[in-house]
2 protein chains.
Amino acid sequence: MFLNYRVILNILGILLIMNGAFMFLCLPFSIFYGEGDLLSILGAGLLTLAIGLIIFFLTRKNQVKELKKRDGYLVVSLGWLTMSFFGSLPYIFSGTIPDLTNAFFETISGFSTTGATILTDIESVHKGILFWRSLTQWIGGMGIIVLTVAILPFLGIGGMQLFVAEAPGISPDKLQPRIKETAKRLWMIYLGLTIGETVLLWLGGMTFYDAINHALTTMATGGFSTKNASIAFYTSPFIQYVIIAFMFLAGTNFTMTYFALHGEFKKVFQNDEFKFYMAFCVVLTLVVAVGIYLLGGPVEESFRTAAFQVVSVITTTGYITADYTSWTSFITLLFFMMMFFGASAGSTAGGVKIVRHIILVKNSFLELKRQLHPNAVIPVRFNGRAVSREITFNILAFMMIYIMIFGVGSAVMGALGADFNTSVGSVATCLGNIGPGLGSVGPVDNFASISSGGKWLLSFLMLLGRLELFTVLILFSPYFWKTN
Amino acid sequence: MFLNYRVILNILGILLIMNGAFMFLCLPFSIFYGEGDLLSILGAGLLTLAIGLIIFFLTRKNQVKELKKRDGYLVVSLGWLTMSFFGSLPYIFSGTIPDLTNAFFETISGFSTTGATILTDIESVHKGILFWRSLTQWIGGMGIIVLTVAILPFLGIGGMQLFVAEAPGISPDKLQPRIKETAKRLWMIYLGLTIGETVLLWLGGMTFYDAINHALTTMATGGFSTKNASIAFYTSPFIQYVIIAFMFLAGTNFTMTYFALHGEFKKVFQNDEFKFYMAFCVVLTLVVAVGIYLLGGPVEESFRTAAFQVVSVITTTGYITADYTSWTSFITLLFFMMMFFGASAGSTAGGVKIVRHIILVKNSFLELKRQLHPNAVIPVRFNGRAVSREITFNILAFMMIYIMIFGVGSAVMGALGADFNTSVGSVATCLGNIGPGLGSVGPVDNFASISSGGKWLLSFLMLLGRLELFTVLILFSPYFWKTN
């Protein structure tokens with residue numbers, strides 16, 4: 001058979017089983033707070049689990065063991081989509097978000113670690129459901145780790161090979177046997193940091209419930225908050241600094257964190273992507289801080305507010321403590337541009353990723369050199385190694401497609417009635433998996449007012465962005481469906 | 001010697017001599033209208049001519065005959081710059097625009113065929129000076145033709161090779177001997193169309209003076225008008241349709257016009273770029289026309305207004321008959337996106353050019369195919385031929401650099417105090433050599449309110465855009481100044 005439908009379905013079955021099991025994790029909170037969402041969650045969990053088990057057992061036999069590349073694209077895209085459809089059941093069953101459009105938007109915003117929300121009063125949502133909302137982001141982050149380590153390099157998604165070359169214990173030619181080990185290590189870091197942040201936030205004065213929710217969504221660079229005002233609810237500088245630090249860690253290549261934990265700081269500070277990531281955060285924080293300070297903000301608060309917003313957008317988390325569109329036009333523009341940054345590959349951050357920007361900028365300079373020396377082979381160098389022309393080419397194509405999708409998406413949002421800033425802002429933020437945008441989807445607003453068609457488009461863009469474009473787009477190309 | 005300074009200076013001398021001679025073409029109008037600008041123009045012309053002659057004669061001897069590639073970049077950039085500095089003398093001498101910043105902005109806006117203006121009352125400017133203003137665009141257009149045919153392919157600027165492969169009488173391996181012939185043919189078309197449009201506009205009811213001025217700036221895709229209201233001054237549908245047609249022709253690859261004039265229509269309609277150029281104009285006109293119609297416009301007027309604005313922006317002319325930012329947010333967004341189109345290579349249009357977009361879009365689709373077949377060689381095809389990977393790569397890099405410059409430029413404009421829409425609009429329109437932008441530099445406004453620093457930045461961007469980025473940027477790279 002052309003595609004291994006049996007294996008694909010089997011994997012989707014496994015994902016649904018996991019999805020159902022994760023829903024049960026919300027039950028303790030439902031029981032503890034007793035707000036009446038217990039049965040909805042239980043029902044959604046059991047239904048998801050049951051369907052997962054049925055699919056799993058029906059497709060268990062006669063499997064072709066090896067997954068082919070085409071199967072890979074399909075299973076990843078369908079996996080995220082299936083998770084999101086079933087993940088919206090708790091919202092629908094509990095009546096929190098009764099219609100599919102909004103429930104699906106909220107769920108895919110979770111699993112894609114975007115953080116755009118249609119909820120207008122988050123604090124009125126029952127605690128069990130709200131925990132599910134945070135958990136979808138954390139699960140999405142886990143998915144991204146395994147995707148980056150194990151699947152994207154195998155599918156040949158531009159730039160991801162560069163990350164893999166750096167991952168601990170992976171040599172490009174001996175990839176397969178070590179993948180499991182690597183994924184496990186990175187998951188441990190992910191889990192460890194989540195626990196660490198929970199404890200720190202708890203110590204900082206959050207309730208345990210709020211602490212764990214925010215830790216889950218920080219580490220996923222997701223940005224869902226349990227408060228209507230997002231982190232602006234917490235005026236404690238300690239809490240804000242803790243979150244800044246953990247957002248930064250969540251946007252750091254987990255491999256670098258692994259090195260740091262093993263005392264290999266030299267490796268961390270020699271990593272090109274980490275250096276630029278830090279430089280971007282520091283420089284942009286200072287620029288924005290000066291801007292806020294000049295508008296009359298106190299020194300420390302200006303710095304903290306700037307750092308929070310900058311790190312939040314660059315890491316594609318999307319928490320806010322202040323409205324970045326309320327200062328100057330220049331700062332608004334800067335934040336809009338930051339939506340195209342993305343943090344490190346190998347982290348849970350979405351968006352373009354800094355490694356790609358480094359390659360693109362270096363390549364632009366070298367293209368000038370190539371004009372003068374048309375016969376010389378002048379490769380881009382990254383982490384001291386020459387990057388192959390194929391990878392550079394692929395990254396260029398990735399960026400072009402990213403921009404085209406941004407352009408076409410903005411035009412469609414405009415045609416659906418959104419104003420200029422809302423159109424470009426909503427598309428940039430959803431495609432980049434950030435959360436808040438500009439205009440009527442700015443930091444202090446939400447996506448409730450977006451038209452139904454707009455919500456489906458943005459849902460699709462969140463998926464596209466999260467799966468590095470190619471994984472999804474390829475399914476829409478005729479090449480994918482041709483037999484040879 | 002490393003660079004042939006002597007030859008470079010000699011060529012600059014020749015350009016100044018021509019520049020001075022062109023200024024004398026304004027004298028008949030100065031005399032006829034007798035508004036007192038005669039001595040200023042005469043003085044500017046004589047000074048330019050004299051300095052040109054001195055440079056020319058001082059550098060005439062001991063020349064190395066052959067120009068090298070590096071000399072090419074330098075002579076083109078310095079040529080445009082020198083012409084613009086001396087071209088601002090008539091404005092300064094006559095007191096029309098007394099300060100250098102504004103005079104230089106207006107002149108480079110002319111020579112780069114952009115059409116952005118700092119004049120707040122165009123109709124009060126003396127007729128001789130105003131003719132010079134139009135003439136700078138026409139000279140710029142002439143320069144672009146020779147640049148595209150003779151110089152850019154030799155410098156290896158991305159995508160331009162594709163055009164040359166199509167030019168009549170040019171075979172890539174036997175380029176040199178035919179260049180003069182090709183340039184002459186295209187200049188004849190340029191001149192012929194200018195005369196033709198002058199006659200038609202005159203017949204349509206313009207004064208001879210206005211007719212020739214508008215013909216000069218239409219064919220250059222420049223967009224300077226002699227009226228404050230631009231073409232909105234002329235309510236005659238005939239005049240508007242004539243200008244639409246000639247803008248379209250000015251944005252058509254002149255080689256295609258050459259073929260058409262020789263009855264070879266098949267070649268024209270088989271040309272990929274021409275097909276897409278037409279398709280863009282038609283489709284976007286219809287979309288915008290429907291938008292205007294729905295707002296209550298009469299059918300014919302909606303169509304005409306839409307066609308005028310669409311063709312004006314796509315061809316990077318920049319005339320207006322209506323404010324495209326005054327309809328719906330969606331249409332504003334569309335026009336903003338059109339600023340990144342540019343018309344055909346081998347025309348006088350600025351901007352990115354459609355040939356590049358075709359390659360980029362086709363390559364994006366093929367990149368999906370390449371993901372599935374990583375070992376296959378899958379080239380982009382243009383006009384039935386495979387485009388080399390080097391050219392495709394170079395076009396990708398061009399587009400990346402274009403977008404980066406747009407981003408950085410917008411941020412700097414924002415830092416200089418412009419609001420969001422003005423920042424992105426002014427940079428997009430100047431880099432694309434269009435004219436009107438968004439916000440406070442929208443179609444019914446002008447660039448007078450831009451800060452001094454902003455004007456110099458935009459002047460630089462006009463030059464960058466006009467000279468296909470690389471020609472200018474390469475001078476700022478260390479590679480250019482290294483001896484080996």
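Me: What makes the pair K267(B) and E264(B) a salt bridge?

Reply: Their closest N and O atoms are 3.4 Å apart. The rule asks for a side-chain nitrogen of Lys or Arg within 4 Å of a carboxyl oxygen of Asp or Glu, so this pair qualifies. Before going on: this is a predicted model, where local features need pLDDT of at least 70 and side-chain atom pairs count only at pLDDT 80 or more, while totals for chains, interfaces and linings use all residues; side-chain values use heavy atoms, without hydrogens and water. As for names, residues are numbered from 1 along each chain as its sequence is written, and chains are lettered from A and ligands numbered from 1 in the order in which they are written.

Me: Are K267(B) and E264(B) buried, exposed or partly exposed, and how do you know?

Reply: Buried means under 20% relative accessible area and exposed means over 50%, with partly exposed in between (1.4 Å probe, protein chains only). K267(B) has 41% and E264(B) has 31%, so both are partly exposed.

Me: What about E106(B) and R133(B), and what makes that pair a salt bridge?

Reply: Their side chains meet at 2.7 Å, N to O, which is within the cut-off. The pair links distant parts of the chain, with E106(B) in helix α6 and R133(B) in helix α7 of chain B, 27 residues apart. A helix here is a DSSP run of H or I with at least four residues, and a strand a run of E with at least two, numbered from the N terminus. E106(B), at 0% relative accessibility, counts as buried, and R133(B) does too at 2%.

Me: What does the salt bridge of E35(A) and K127(A) tie together?

Reply: The two side chains come to 3.8 Å, N to O. E35(A) sits in the loop between α2 and α3 of chain A and K127(A) in helix α7, so the bridge joins parts that are 92 residues apart in sequence. E35(A), at 30%, is partly exposed, whereas K127(A), at 19%, counts as buried.

Me: What is the area that chain A and chain B bury?

Reply: About 4,700 Å², 74% of it on carbon and sulfur atoms. Q371(A), F393(A) and F420(A) lose the most area in chain A, together 18% of what that side buries. Buried area is the accessible area (1.4 Å probe) that two parts lose on being put together, summed over both.

Me: Why is S423(A) called buried?

Reply: Its relative accessible area is 0%, so S423(A) falls under the limit. S423(A) is in helix α19 of chain A. Leaving out residues up to four places away in sequence, S423(A) touches S410(A), M413(A), G414(A), A418(A) and, across in the other chain, L333(B). Contact means heavy atoms within 4.5 Å.

Me: What makes chain A as compact as a globular protein of that length?

Reply: There are 22 helices and two strands in chain A. The radius of gyration is 22 Å, close to the 23 Å from the globule rule for 484 residues, so chain A is as compact as such a protein. That radius is taken over C-alpha atoms, and the rule is 2.2 Å times the number of residues to the power 0.38.
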